[in-house]
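Thanks for coming, everyone. Please have the model open while I talk. I will go from the overall fold to single residues.

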Amino acid sequence: VVTAESTSMSQAPSATNTWTDVAPTCSITMQDGDNKVLISCSAGVTTEWAGAVGFKLLRNNNEIFVHSGYTWNNTRWQYSAAPFNNVTDAPGSGTHTYKIQIRSSRNTQFYWNSDQSSSLGITASSAVMTLMEFSS
């Protein structure tokens, strides 16, 4: 089991309709090439007027899972959890790096690991990715 954590707050897409890497990334070296990986990611996301939004989970820069949706709200912020929890992958032998990308059709308010800590009375929020190798 390996875990990576990031306290980089309010990461946003770099431009409209551009897939942008967000932290953390996490790497695992497989003990057996026939085993699988259980992937879990925890982070808060806030959106407002972001239009079409997307989340990609990648292994070694290859897309393995995508979530997409739409947000259009002119009166308040919407808050949700990161979309990748308990995803399985069969990467084969070697070392593999997993990362997440986000995008929005409007370069407005779409934030990964949103900084809402002051309103909650805490010092920082964290985004966490955990990878666990298991035999199938």
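Some ground rules first. Helices (H or I, at least four residues) and strands (E, at least two) are DSSP runs, numbered from the N terminus. Two strands pair if DSSP finds at least two bridges between them. This is a predicted model: local features need pLDDT of at least 70, side-chain atom pairs count only at pLDDT 80 or more, and totals for chains, interfaces and linings use all residues. Numbering starts from 1 along each chain as its sequence is written, and side-chain values use heavy atoms, with hydrogens and water left out.

Start with a hairpin. β5 and β6 form it, with two residues between them. Look at N60 in the turn: its phi is positive, about 50°. The pairing of β5 and β6 is antiparallel and runs over nine bridges. Two partners to find on screen: L58 bridges to E63 in β6, and K56 bridges to V66 in β6.

Now step back. How many helices and strands does the protein have? One helix and eleven strands. Along the sequence the pattern reads β-β-β-β-β-β-β-β-β-β-α-β. Contact here means heavy atoms within 4.5 Å. Take the contacts with a separation of 6 or more: 81% of them join residues 24 or more positions apart.

What is its order? It runs β1-β11-β3-β8, with antiparallel pairing. β1 (2-6) and β8 (85-89) stand at the edges with a single partner strand each, so one side of each is left without a neighbour in the sheet. Its twist averages 20° from one strand to the next. Inside this sheet, β3 and β11 pair in the antiparallel sense over seven bridges.

On to the interior. Buried means under 20% relative accessible area, exposed over 50%, and partly exposed in between (1.4 Å probe, protein chains only). Of the 136 residues, 40% count as buried. A nonpolar core is a set of buried Ala, Val, Leu, Ile, Met, Phe, Trp, Tyr and Cys residues joined through side-chain atoms within 4.5 Å. Here the largest one has 25 residues, and I100, W112 and L131 touch the most other members. Six strands supply at least two core residues each: β2 (20-29), β3 (36-42), β5 (51-59), β9 (95-104), β10 (109-112) and β11 (127-134). As background, nonpolar side chains tend to be buried together in soluble globular proteins.

Now cysteines. A disulfide is a pair of cysteine sulfur atoms within 2.5 Å. A search of the whole structure finds zero. C26 is buried, with a relative accessible area of 4%. C41 is buried too, at 5%.

T20 lies in strand β2. At 12% relative accessibility, T20 counts as buried. Polar contacts are N or O pairs within 3.5 Å; within protein, one atom must be able to donate a hydrogen and the other to accept it, and residues adjacent in sequence count only if both atoms are side-chain atoms. The T20 side chain reaches the backbone nitrogen of S14 at 2.8 Å. A polar atom of that T20 side chain also lies 3.3 Å from the backbone oxygen of T18. Beyond four places in sequence, T20 contacts A12, P13, S14, I100, Q101 and I102.

Then R59, in strand β5. Buried or exposed? R59 counts as buried, at 16% relative accessibility. R59 and I100 are 41 residues apart in sequence and 9.1 Å apart in space, C-alpha to C-alpha. Setting aside neighbours within four places, R59 is in contact with I64, D89, A90, P91, H96, T97 and Y98.

Definitions and conventions:
Axes fitted to C-alpha atoms, helices over the stretch in contact; angles between N-to-C directions.
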